Amino acid sequence: MSLNKTLVSMEYLLKEAPREKHFITGAQAMAEAVKRASVDMAIAYPITPQSEVMHLVGDIYAQGHIKEYYRAEEELGTMSAIAGAARAGVRLFTATSGPGLLRGLEAIVSWPGHRVPCVLGVLTRVVNAPLSIQPDNIEMAYLLHSGVVLLHAENQQDTFDMTLAAFAITEKVDVYIPVAVATEGFFVTHAKGYVDMTSEELAFNEPDPYAAPVPAMDNEVPPARIQRDAPVQKSNFMSYLIHSVWQQEIWDSNKRAMKYIYQYLGGPIEVQNPDADVFVLASGCAAAQAREAHRYAQEEELSVGFIKVRAIRPFPKEEIRAALKNAKKVIIPEHNIIGWLATEVKAAIPNSGIVVDGPRVYGGMTLPVELIMEQVYMALGMKSETLQA
Amino acid sequence: MANLGPADYSPYPVATYDGILTPPEGKALLLTDIVDEEVAMREIARVMLTSENATIFPGPQVLYAWNEEAKKKATLIKEMAEVLNAKMIPMYDYRPKYPKIDAEVEINPNHPNLTIWHNNIKACIFIGVHCHYANVALKIVRAETDCYTSAMCALSGHEDAMATIRDQHSEDLARFIQVAREVKQELGK
């Protein structure tokens with residue numbers, strides 16, 4: 001590292017290193033995490049609202065914090081280049097948004113099977129026509145079955161911490177699949193919040209490409225003169241079996257990531273007021289509004305709890321099942337039309353009838369706390385002024 | 001026809017489906033139990049010494065002299081094979097072998113069951129195989145054979161092996177050889 005940084009473990013960086021409070025945007029928070037992650041290479045193609053992040057990453061490349069950085073031809077090229085660079089055993093970062101994510105998806109879904117460790121920033125925006133750049137996290141639904149580990153940041157602080165943690169999690173030998181850190185475009189990326197950050201003099205230990213579950217493609221040094229992911233395209237039972245266990249291994253790796261989500265982020269969910277009758281459960285930016293609804297409810301002395309879901313993949317089924325064991329209703333506010341989080345929760349708990357679908361906003365709408373409170377009042381059998389009107 | 005394992009042809013009963021994950025640092029995994037390393041070492045030695053056609057499968061990380069540790073490990077693995085009365089069949093690369101693998105002389109992560117079936121191997125040790133390829137191979141072996149699998153891993157271990165020891169470096173292999181000698185003496189082998 002040319003800037004004479006002190007290299008430290010992620011454990012130290014996240015849990016012990018002194019921090020200072022800064023008032024910055026979510027895009028700055030993600031770039032500041034990248035600055036501290038000893039990233040070898042960043043590759044991206046600009047798209048709003050991700051372009052703010054990658055612009056800042058370009059700045060820190062110019063300052064010498066990153067060794068290589070280039071703008072690819074488009075997102076499929078970007079994500080393919082990330083896969084290629086990973087084979088050389090380097091630490092990688094990229095980010096995208098909405099339509100860019102979908103354009104790169106063919107390459108992204110191949111990353112886990114190729115055991116590509118990298119960090120993908122997902123700064124959400126709408127994906128469908130008519131064209132819009134507004135925040136909406138429906139694109140995350142397309143990542144749910146891709147095999148990647150998927151974290152969802154509530155705010156600027158989460159964006160900083162999760163992005164840093166992602167660099168450690170993705171390189172664990174028993175994980176070694178990509179980690180995506182998603183947060184809402186504009187609501188988080190372009191809004192400022194307080195972030196406790198470590199000194200930029202400290203950076204994460206550099207990667208060890210030999211501590212990997214696959215050989216790096218160093219063609220000069222055995223035992224790497226090995227074809228790594230040969231196609232298994234013969235039409236026979238053996239080929240089917242190879243592919244099936246390969247898929248199992250991807251999802252096993254995804255499951256193994258959970259212990260590191262506990263280690264670095266304190267676990268996949270946060271629970272407040274665990275004995276409540278009614279819960280508001282949310283992820284990402286919606287969790288900030290749900291947290292505020294919980295505060296309102298506390299002030300009104302209502303039996304309302306709060307659950308924030310940090311990890312979307314691996315999905316914390318057991319933790320959510322335990323947290324909702326005695327719940328009478330769970331309200332799930334979301335920033336998308338389909339309600340992918342509500343679907344996940346319904347599949348995780350035995351009594352899915354307690355799930356209240358929504359409130360949902362999409363297409364760039366904000367999520368007023370009052371919308372959530374209306375559902376809270378209904379769940380508790382109370383009357384709300386809005387509903388009466 | 002091959003002898004099938006408890007999962008028959010289904011690849012699905014992988015260990016994580018039962019909530020079993022790689023062992024924590026300093027510990028080993030024996031079937032579903034987290035145990036002390038020495039307990040696992042003794043069990044691996046016992047199974048290898050009492051099973052038909054016990055075989056060690058050394059992988060690229062110990063087959064090629066790419067660093068001093070690899071050379072040390074390779075020497076120790078030869079000694080280990082002698083102590084365990086085991087054969088050695090190498091996994092020297094990771095390509096699927098078409099049209100047909102020579103199961104007498106090699107094993108491959110994409111169809112490891114062919115080598116195990118052909119040689120009627122009832123116990124084996126994977127060592128020096130990159131973790132991804134060890135994991136896919138162990139899943140197939142678990143699903144397709146009745147071979148008792150052990151994994152001696154330099155990194156974090158393998159839950160799909162019936163016995164796995166993690167963070168195994170040359171000094172640990174030397175310790176295992178010592179344990180194996182003791183077990184061999186106890187068994188009168």
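Start by selecting helices α2 and α7 of chain A: in this predicted model, α2(A) passes α7(A) in a right-handed crossing. For the ranges, take residues 26–35 for α2(A) and residues 156–170 for α7(A); their axes come within 8 Å and cross at roughly 25°. An angle under 35 degrees counts as roughly parallel, and α2(A) and α7(A) are therefore described that way.

Now show the side chains between these two helices. On the α2(A) side you will find A:Gly26, A:Ala29, A:Met30, A:Glu32, A:Ala33 and A:Val34, and they meet A:Gln156, A:Thr159, A:Phe160, A:Thr163 and A:Leu164 of α7(A). Sorted by class, the residues of this contact are six nonpolar, four polar and one charged.

Go to A:Pro314, in the loop between β14 (311–313) and α10 of chain A. The bond that joins A:Arg313 to A:Pro314 is cis, with omega near -5°. Then move to A:Pro359, which sits in strand β16 of chain A; the bond from A:Gly358 to A:Pro359 is also cis, with omega near 10°.

Next, bring both chains into view. At the interface, 28 residues of chain A are in contact with 26 residues of chain B. Colour the chain A side by class and you will have 16 nonpolar, three polar and nine charged residues.

Now hide chain A and look at the sheet in chain B. Seven strands make an open, mixed sheet in the order β2-β1-β7-β6-β5-β3-β4. Which strands stand at the edges? They are β2 (33–36) and β4 of chain B; each has a single partner strand, so one side of each is left without a neighbour in the sheet. Helix α5(B) packs on this sheet, where it touches β5 and β6 (148–152), and its direction makes about 165° with that of β6(B).

Zoom in on one pairing: β1 (residues 27–30) and β7 (residues 163–165) of chain B run antiparallel and are joined by three bridges. Within β7(B), B:Ile165 stands opposite B:Ala28.

From there, select B:Val129, in the loop between β5 (123–127) and α5 (131–144) of chain B. Is this residue buried or exposed? B:Val129 is buried, because 28 other C-beta atoms lie within 10 Å. Beyond its neighbours within four places in sequence, B:Val129 is in contact with B:Phe57, B:Gly59, B:Met91 and B:Ala134.

Finish with two asparagines whose phi is positive. B:Asn53, with phi of about 50°, lies in the loop between α1 (37–50) and β3 (55–58) of chain B. B:Asn53 is partly exposed, with 14 other C-beta atoms within 10 Å. B:Asn85 has phi near 55° and belongs to the loop between α3 (68–83) and β4 (87–88) of chain B. With 11 C-beta neighbours inside 10 Å, B:Asn85 counts as exposed.

Methods: Residues are numbered from 1 along each chain as its sequence is written. Chains are lettered from A and ligands numbered from 1 in the order in which they are written. This is a predicted model: local features need pLDDT of at least 70, side-chain atom pairs count only at pLDDT 80 or more; totals for chains, interfaces and linings use all residues. Two residues are in contact if their C-beta atoms, placed from the backbone, lie within 7 Å. Ala, Val, Leu, Ile, Met, Phe, Trp, Tyr, Cys and Pro count as nonpolar, Asp, Glu, Lys and Arg as charged, and the others, Gly among them, as polar. Helices (H or I, at least four residues) and strands (E, at least two) are DSSP runs, numbered from the N terminus. A residue is buried if 20 or more other C-beta atoms lie within 10 Å of its own, exposed if 12 or fewer, and partly exposed in between; C-beta atoms are placed from the backbone. Two strands pair if DSSP finds at least two bridges between them. Axes are lines fitted to C-alpha atoms, for helices over the stretch in contact, and angles run from 0 to 180 degrees between N-to-C directions. Angles under 35 degrees count as roughly parallel, over 145 as roughly antiparallel, 65 to 115 as roughly perpendicular and the rest as oblique. A crossing is left-handed if the near helix is turned anticlockwise from the far one by less than a right angle, and right-handed if clockwise.
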